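Trainee: Could you walk me through how to read some features of this model? I would like the general idea and then the case at hand.

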Amino acid sequence: MRLFVSEGAPGSLPVLAAAGRALGRAELLISTVGPEECVVPFLTRPKVPVLQLDSGNYLFSTSAICRYFFLLSGWEQDDLTNQWLEWEATELQPALSAALYYLVVQGKKGEDVLGPLRRALTHIDHSLTRQNCPFLVGETESLADIVLWGALYPLLQDPAYLPEELGALRSWFQALSTQEPCQRAVETVLKQQGVLALRPYLQKQPQPSPPEGRAVSNEPEEEELATLSEEEIAMAVTAWEKGLESLPPTRPLQNPVLPVAGERNVLITSALPYVNNVPHLGNIIGCVLSADVFARYSRLRHWNTLYLCGTDEYGTATETKAMEEGLTPQEICDKYHKIHANIYRWFNISFDIFGRTTTPQQTKITQDIFQRLLARGFVLQDTVEQLRCERCARFLADRFVEGVCPFCGYEEARGDQCDKCGKLINAIELKKPQCKVCRSCPVVKSSRHLFLDLPKLEERLEEWLGKTLPGSDWTPNARFIIRSWLRDGLKPRCITRDLKWGTPVPLKGFEDKVFYVWFDATIGYLSITANYTDRWERWWKNPEQVDLYQFMAKDNVPFHGLVFPCSALGAEDNYTLVKHLIATEYLNYEDGKFSKSRGVGVFGDMAQDTGIPADIWRFYLLYIRPEGQDSAFSWTDMMLKNNSELLNNLGNFINRAGMFVSKFFGGYVPEMVLTPDDQRLLAHITLELRHYHQLLEKVRIRDALRSILTISRHGNQYIQVNEPWKRIKGNEADRQRAGTVTGLAVNIAALLSVMLQPFMPTVSTTIQAQLQLSLPACSALLTDFPCTLPAGHQIGTVSPLFQKLENDQIESLRQRFGGGQLEDSLELKTKVSPRPADAETVTTAGPQQIQILMDEVTKQGNIVRELKAQKADKNQVAAEVAKLLDLKKQLALAEGKPLETPKGKKKK
């Protein structure tokens, strides 16, 4: 067989992605041809893609070629796939062709492009949501998924055209886009040009007619609201009428929390933050806050839940920080553990345990796992060439070496991993390495070390992954990262380091070494639990009864999804391994990265000084949670989301519902006589509530938050249409109607207070106190919507929940956290007289601040030297020199030195 494709031809994307199905089952030659080349002899116009069969026949329909590849792989046709393919040809393609033509050929943007396609995208999203499956036809990708993905990719790869509210569509698209055959297809067809690669092809096409007779709107479509069956409405009414009696009894508090046979036992961890780093907003959303939402949700479901975290305290970083501050490593750990604990307490993180890794239990459990691995032949010895800083007189841990990535050329790659390309690096492979402490160039020295024999454990890992991944909720990026490691083949990894501060190695000849932090840090989860309860093994050696969820940013995936599982499988001690690995992408700050040294971004210890309550921070971070791609914190967007979604939508509805009870009915919930419209509203809210449950069960946290806002929008519309403030002044029937609307609205507010609990716990508690909601109603969230505030229930005092964020307030914070912190700090610490004679009166900055500036001067000096060596443009060099001089000036001020008068060149 021979497949003809062309760069920039949209149909080439799905056929190349599907071609992987035929590999190994038939001989396939793929040829890239020009768009004008006629490869089918009997066609008068060029046509690609084309599949020439061995029989000499041709297939030149995209879906027919994809179908042929799937049939070769043993796939059996089904009606649902055929329906999707028919819909793609008749409904999707006309709208998509118009959208692509407007964007690429006519240069239109925004709603002009998205408008013709919005209905079709909403249809896909609703279908995925209703069947609660990751793909169009079931649990695995089908022919329909590949055809639709290939058609949509050129447009949807730009996040601007992938609507945020279509969460199911977004997850489906991202899951397919991370698959290797799809990525290879994109590289071949779009050549890193994105949608612009289609321009030569689209310019030769006639201008498509826009789909007719379809009004474009962001509001829910009437036909979608009309899909409720009579049975669904009746079931919603029945659940409503059961009221408080449908609620389970409150669950007694356990201490310690232990697994219970016959119940769902959920063990939740968030990646252990390194002790000497103050966490920034990206660290908080990536690990502890995301895990906290799921832990709170699990408790609302009455699942037996244990949520743990702690500080990761061993390693060179701690030793170095201790040197900087003139403390012992233990003292530095004690100091920063408290800082972390206080930050998470302020953010209302509901750990059952927040521990640490510098404990006897950590040593005992780590050494036991090591001894078991050693006894079973999974530990190797070898001589390692390491980087040693002669100035600091120590071997350098990987993260204390920085240089140029040997793979992608990124100039700030760490000694263990490049943050840009994601590849793992041995520190000696770095080009132009530097010691991050003193900036000198380290030398290579040899040392004897221990290695975990990952190649020997690879087969066990593959078998475990084969059983675990199907039906699990590993995020697409986690699956892709682990698949990439396995594709490249596992290699032995060093598990020891030449340090003093760490878990000692219990092996003769290695007494002067400690375990490398990436080997024993994940064991910290076990030791933290062991410090919580001596029955820790009921959680960690109980895979049959415990569901382990682990939350982290994507850079931690290899250690949780590969290294620790290999260690545990090799130890052969029935350890509980991760079932659901939840990894976020990165959160950026405005247009760049968080940087403590440059004073850029909000760090955990600073958020509480802004005057913005913790729940607002939680809401916004969860609203922009980087689930499928990197996202960015924006002060302007935070203000808009607070003022529109919280103040005008959610807060407005809950406050109005409560105020109507207080103002019109003396603080008592009125009688409710439901009309058919009210019953339909109950059913719609029940559907949205179930959608919320489906999303959180799949740990799609950001989309679940949008379900809350959707329900409050329903509530606002309901109040607005029925106008209880007018009806209360009318006749008896009007007053009764006002009572029904008010009673139903305040019950929706009560439901929202419980749904909000995982996201905004303080606001949730405030609403429940205002409504005087009963304890059983506060502590359980059902999949149905019962009446929890019956007629006659007395509520408390109602007051506004949120405050408006003002422009000047936000602009002040933007300036403060946009790099101004460093300058502000220096202004407070340095007072320099313009007269050199008064130099002795200068007050210096602290040693930590001076070290930061010294690092910046060194880094900028390197940039200038490299530009000069490359004979770069004079203007570019001059700009960088000006930055260097400014940094040197700041350093002089910080050190209390008089400023030197610039010396001009002597005239000849």
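Mentor: Helices (H or I, at least four residues) and strands (E, at least two) are DSSP runs, numbered from the N terminus. Please keep in mind that this is a predicted model, where local features need pLDDT of at least 70, side-chain atom pairs count only at pLDDT 80 or more, and totals for chains, interfaces and linings use all residues. Residues are numbered from 1 along each chain as its sequence is written, and side-chain values use heavy atoms, with hydrogens and water left out.

Trainee: Where is the kink in H23 centred?

Mentor: A bend at a residue is the angle between axes fitted to the seven residues ending there and the seven starting there. In H23 (residues 635–665), the kink is about 40° and is centred on glycine 651. H4 has a kink too, of about 50°, centred on leucine 117. Just after H4, asparagine 132 takes a positive phi of about 55°.

Trainee: At what angle do H15 and H20 pack?

Mentor: Two packed helices are described by the angle between their axes and the distance between the axes. Axes are lines fitted to C-alpha atoms, for helices over the stretch in contact, and angles run from 0 to 180 degrees between N-to-C directions. Here H15 (residues 454–468) and H20 (residues 557–571) pack at about 95°, with their axes 9 Å apart. That makes H15 roughly perpendicular to H20 (65 to 115 degrees counts as roughly perpendicular).

Trainee: Which residues of H15 and H20 make the contact?

Mentor: Contact means heavy atoms within 4.5 Å. H15 brings Leu454, Leu457, Arg460, Leu461 and Trp464, while H20 brings Gly561, Leu562, Pro565, Cys566, Leu569 and Gly570.

Trainee: How many aromatic pairs does a search of the whole structure find?

Mentor: A pair of aromatic rings is described by the distance of the centres and the angle of the planes. Rings of Phe, Tyr and Trp (its six-membered ring) pair if their centres lie within 6.5 Å; planes under 30 degrees apart count as stacked, over 60 as edge-to-face and the rest as tilted. The search finds 30 pairs. In one of them, tyrosine 307 and phenylalanine 351 have ring centres 5.0 Å apart and planes at 50°, so the pair is tilted. Tyrosine 307 lies in strand S6 and phenylalanine 351 in the loop between helix H13 and strand S7, so the pair ties together parts that are 44 residues apart in sequence.

Definitions and conventions: Angles under 35 degrees count as roughly parallel, over 145 as roughly antiparallel, 65 to 115 as roughly perpendicular and the rest as oblique.
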